[in-house]
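Dear colleague,

I am handing over the structure below for your records.

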Amino acid sequence: MRFLDHVPAFLFFTGKGGVGKTSLSCATAIRLARQGKKVLLVSTDPASNVGQVFSQTIGNSITVIANVAGLSALEIDPQLAAQQYRERIVGPVRGLLPDSAVKSIEEQLSGACTTEIAAFDEFTALLTDGALIAAYDHIIFDTAPTGHTIRLLQLPGAWSSFIEANPGGASCLGPLSGLDKQRQQYADAVKALSDPDHTRLILVSRAQKTTLDEVARTHQELAAIGLSRQYLVINGVLPEREALHDALAAAIYRHEQEAIVAMPAVLRDLPIDYLPLKAANLVGVEALSSLFSDRDEAIPVAASTVADVMDLPRLSTLVDEIAKTGHGLVMMMGKGGVGKTTLAAAVAVALAKRGLPVHLTTSDPAAHLTDTLLGTLDNLDVSRIDPHTEIARYREHVLDTKGKDLDAQGRAMLEEDLRSPCTEEIAVFQAFSRIIREAGKKFIVMDTAPTGHTLLLLDATGAFHREATRHIDPLLHHTTPMMRLQDPERTKVMIVTLAETTPVLEAAGLQEELRRAGIEPWAWLINNSLSATSTSSRLLKQRAAFELAQIEAVRTRHAERVALVPMQIDEPVGIERLLNLVEP
Amino acid sequence: MTKIEVYDGAMCCSTGVCGVDVDQALVNFAADVEWAKQQGVKIERFNLGQQPLQFANNPRVKSFLERSGEGSLPLILVDSEVALAGRYPSRAELTRWARLVAVPTVSQAEGSCCSGDSCC
């Protein structure tokens, strides 16, 4: 393993949910501890299951792991961190200021940026705590999913340049300004992060084109802010021997090998390790220590249970129900890489084939609907909300209207504030609400951007709703975008996930966020399910058997409606293959 | 020297560009504050969402909040006395409070009050 050679003090594993960051960071921690090193394992993943891996409760204080000498662990829960951060600002004035004023402060600090900043704050403290650094040889971070991590890591850079550009300070720093006193700590954290003698970043991927493309973007974004020492681990690669006697396994093997050959050039030059697909998810110290070996534990398959999932509805059943209403908003939500674009396109194509008018749109900067459709259909319009275009349009609009009478200095300041991170969310939201207004006449199928982004959108929608109801005469008949999203007659939210532990946990977390915003998801889609196929590969059958617990959890605990989408032998690209996904 | 303190409601940023609709009054006032600072005026803004202790520790501001609620912000103190509430001051008002020699601006062009040698 190249990423395990000459390991520096700080190790970061990054990659989207479900690629195996937790397993890798736990296995690395065990290995280093067994070499006699003092190791601290830190999880900032909201769906952390480090505790489950070591069968021990960990939580937000450093805990000694009982069955691995030299290893301690810590779980940072971003939600809890945000709550504590809010409390630091609100706590001192509670009881001093009127309740309604305290409420308005809490409201202001309940946005998604506060969560980001609070988690980053926790993590910075670890990087700059001299006592901790002295006490441990290695600190291993099992970081949160990619987009989240990037924002966390970009903040200090953005922050210090913002401070330099705005010596006045009283500008659009938002919740960051609550951290003003720790400026030096941030500078130190950035320094430690960008020093290759101290920090190694390990990008974790699966051998899939979209995942590798996303990792390449992460690589470039992190390299651009100075984290240049990066390693790549491609996890869960299907071994060649599995591909010999099974069509599905052969197709997966071929796709993975093609994805590896065609991986973006920027990744090819990194030190790369490949880890084979294991039959089971790795839980427990012994199973984890086998992660870096080729040996696989043979686990007997309970063949009878696989048949149970065959009763679950397929996507076609859901499309039938959606079609009945004749129009409305259909939104696919879920983490990046679970197949939202493909499923949104499949639903849109299936509706359009029935002669219903459909507008398919995406706000995901990484999605390419034309590459998915490879053609056109009657009744089907396709569009894209491009954040860059929308920001430019929004800035220009504000400067031309609200900024038109300002002097040069005032205009410059407004322009500076329009460069703030919130502007992007608002600009995208404006475009989003323009499109959903059409949903009264036809179907709007949206492939939304990954979770954090989506929630920011909803946040903005929420603010809009409150503003609008405050200003509008209550007797006036008016529908805000939020009211539309909350109305099950008008909007159907589908949560897309995979039948694996972390993706299901993440999807459940997303559902909770939506419910807090008063939106009840209509259905869950379990994509790329192996148990819905008739594979004969021993390894894939074992993986399929492990899907069952997750499918059961979705069916009984999380979802009102579930549909199972089988793993496809052919990549679902082009209108014909998309329609295959919606076959009864 | 005159000290002007501005107590804003809870908001993300002082120009208000983070809201769903940009408030013209906030944009203008942010520009006016910047202008006043350039003239050497001591002017400071406090955001309820970020610096609530500043509100709680000032008896005048605290009792204002108790009586009128945060919906009545902004509150403007000049040398610790309440000078204005419920709206942002104009550049002319800032000028008067700070006893600056007025500069001719568009909004003051038709007013004859300050056209002489000394400002009212």
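Which residue is the bridge partner of B:Tyr7 in E3(B)? The partner is B:Leu75.

Before going further, please note the conventions. This is a predicted model, in which local features need pLDDT of at least 70, side-chain atom pairs count only at pLDDT 80 or more, and totals for chains, interfaces and linings use all residues. Residues are numbered from 1 along each chain as its sequence is written, while chains are lettered from A and ligands numbered from 1 in the order in which they are written. The model scores ipTM 0.75 and pTM 0.74.

Chain B

Chain B contains four helices and four strands (DSSP runs numbered from the N terminus, with helices being H or I of at least four residues and strands being E of at least two). Along the sequence their pattern is β-α-β-α-α-β-β-α. Of its 120 residues, 40% are buried; a residue is buried if 20 or more other C-beta atoms lie within 10 Å of its own, exposed if 12 or fewer, and partly exposed in between, with C-beta atoms placed from the backbone.

The four strands form an open sheet in the order E2-E1-E3-E4 (chain B), with mixed pairing; two strands pair if DSSP finds at least two bridges between them. Strand E2 (42-47) and strand E4 (81-85) of chain B each have a single partner strand, so one side of each has no neighbour in the sheet. Neighbouring strands are turned by 20° against each other on average, direction ignored; axes are lines fitted to C-alpha atoms, for helices over the stretch in contact, and angles run from 0 to 180 degrees between N-to-C directions. The pair B:Tyr7 and B:Leu75 belongs to the antiparallel pairing of strand E1 (residues 3-8) with E3(B), which has four bridges. Helix H3 (residues 59-68) of chain B lies across E1, E3 and E4 of chain B and runs at about 155° to E3(B).

The mean pLDDT of chain B is 80, and 75% of its residues reach 70 or more; pLDDT is the predictor's confidence in each residue, from 0 to 100. Over residues 106-120 of chain B, pLDDT stays under 50, and the model has 14 contacts beyond four places in sequence for this stretch. Two residues are in contact if their C-beta atoms, placed from the backbone, lie within 7 Å.

Chain A

Chain A has 24 helices and 15 strands, and buried residues make up 50% of its 584 residues. Among its contacts between residues at least 6 apart in sequence, 78% join residues at least 24 apart.

Seven strands of chain A form an open sheet with parallel pairing, in the order E11-E10-E12-E9-E13-E14-E15. Its edge strands are E11 (380-384) and E15 (562-566) of chain A, each pairing on one side only. Within the sheet, strand E9 (residues 328-333) and strand E13 (residues 491-498) of chain A are joined in the parallel sense by five bridges, and A:Met332 stands opposite A:Met494 in E13(A). Helix H14 (residues 315-324) of chain A packs on the sheet, touching E9, E13, strand E14 (523-529) and E15 of chain A, and its direction makes about 130° with that of E15(A).

The largest nonpolar core has 102 residues, and A:Met494 is among those with the most contacts inside it, as are A:Ala346 and A:Leu525. Such a core is a set of buried Ala, Val, Leu, Ile, Met, Phe, Trp, Tyr and Cys residues joined through C-beta atoms within 7 Å. Helix H15 (residues 340-353) of chain A gives the most to this core, with ten residues. Domain 1 (2-289) and domain 2 (307-582) of chain A both contribute residues, so the core lies between them; the domain bounds come from an automatic or database domain assignment. Apart from this core lies another, of 61 residues, including A:Leu11 and A:Ile202.

Finally, A:Gly236 is located in strand E7 (residues 230-237) of chain A. This glycine is buried, with 20 other C-beta atoms within 10 Å. Leaving aside neighbours within four places in sequence, A:Gly236 is in contact with A:Gly20, A:Arg206, A:Leu275 and A:Leu277.

With kind regards
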